[in-house]
Amino acid sequence: MIDVFNPAEKPWIKPEGASTERIIEQVKKCPSGALSFYYDKDTPEPAQVTTDTKIEVSANGPLLVYGNILIKDAQGTETKKYNVTALCRCGQSGNKPYCDGSHIKTAFKG
Ligand code: FES
């Protein structure tokens, strides 16, 4: 998927590098939830998860939130997240409230 996601280049995401379906499949595999997507107004949203929301504390890492959630930031901007969302628990993320993997570099314990 280097045709779409290449951290060595700017911009590092080039959506024209693969089909929409292929990009969605790759984003759904993102273990941290840092990658996400939304459908435009003409495309129906995916089926909502009907099970209870589950929050899991990962050892020395983020809070993993399973299910459909709505995150509202300090400016009031709301973002819908689906499947799994990783929320920073170490305080070192450069993309709060989401985990960006900084807990590994700082050897977070908790
Ligand atoms: S828990 Fe991952 S960056 Fe903080």
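Guide: Helices (H or I, at least four residues) and strands (E, at least two) are DSSP runs, numbered from the N terminus. This is a predicted model: local features need pLDDT of at least 70, side-chain atom pairs count only at pLDDT 80 or more, and totals for chains, interfaces and linings use all residues. Residues are numbered from 1 along each chain as its sequence is written, and side-chain values use heavy atoms, with hydrogens and water left out.

Visitor: Where is S58 placed?
Guide: S58 sits in the loop between β1 and β2.

Visitor: Why is S58 called buried?
Guide: Buried means under 20% relative accessible area, exposed over 50%, and partly exposed in between (1.4 Å probe, protein chains only). S58 has 15% relative accessibility, so S58 counts as buried.

Visitor: Which residues does S58 touch?
Guide: Leaving aside neighbours within four places in sequence, S58 is in contact (heavy atoms within 4.5 Å) with L64, R89 and G110.

Visitor: What makes S58 and P62 a polar contact?
Guide: A polar atom of the S58 side chain lies 2.7 Å from the backbone oxygen of P62. The definition asks for a pair of N or O atoms within 3.5 Å; within protein, one must be able to donate a hydrogen and the other to accept it, and residues adjacent in sequence count only if both atoms are side-chain atoms.

Visitor: How do you know that β1 and β2 pair?
Guide: Two strands pair if DSSP finds at least two bridges between them. β1 and β2 (residues 63-66) have 4 bridges, in the antiparallel sense, so they pair. K54 has Y66 in β2 as bridge partner, and V57 stands opposite L63 in β2.

Visitor: Which residue of this hairpin takes a positive phi?
Guide: N60 does, near 55 degrees. The hairpin of β1 and β2 has 5 residues between the strands.

Visitor: How many bridges join β2 to β5?
Guide: 4 bridges join them, and the two strands run antiparallel. L63 has L87 in β5 as bridge partner.

Visitor: What is the strand order of the sheet?
Guide: The order is β1-β2-β5, in an open sheet of 3 strands with antiparallel pairing. The edge strands are β1 (54-57) and β5 (84-87), as each pairs on one side only.

Visitor: Which residues of helix α1 are buried?
Guide: In α1 (residues 20-28), I23, I24 and V27 are buried. They cover an arc of only 100 degrees around the axis, taken from the directions from the helix axis to the C-beta atoms, so they lie on the same side of α1.
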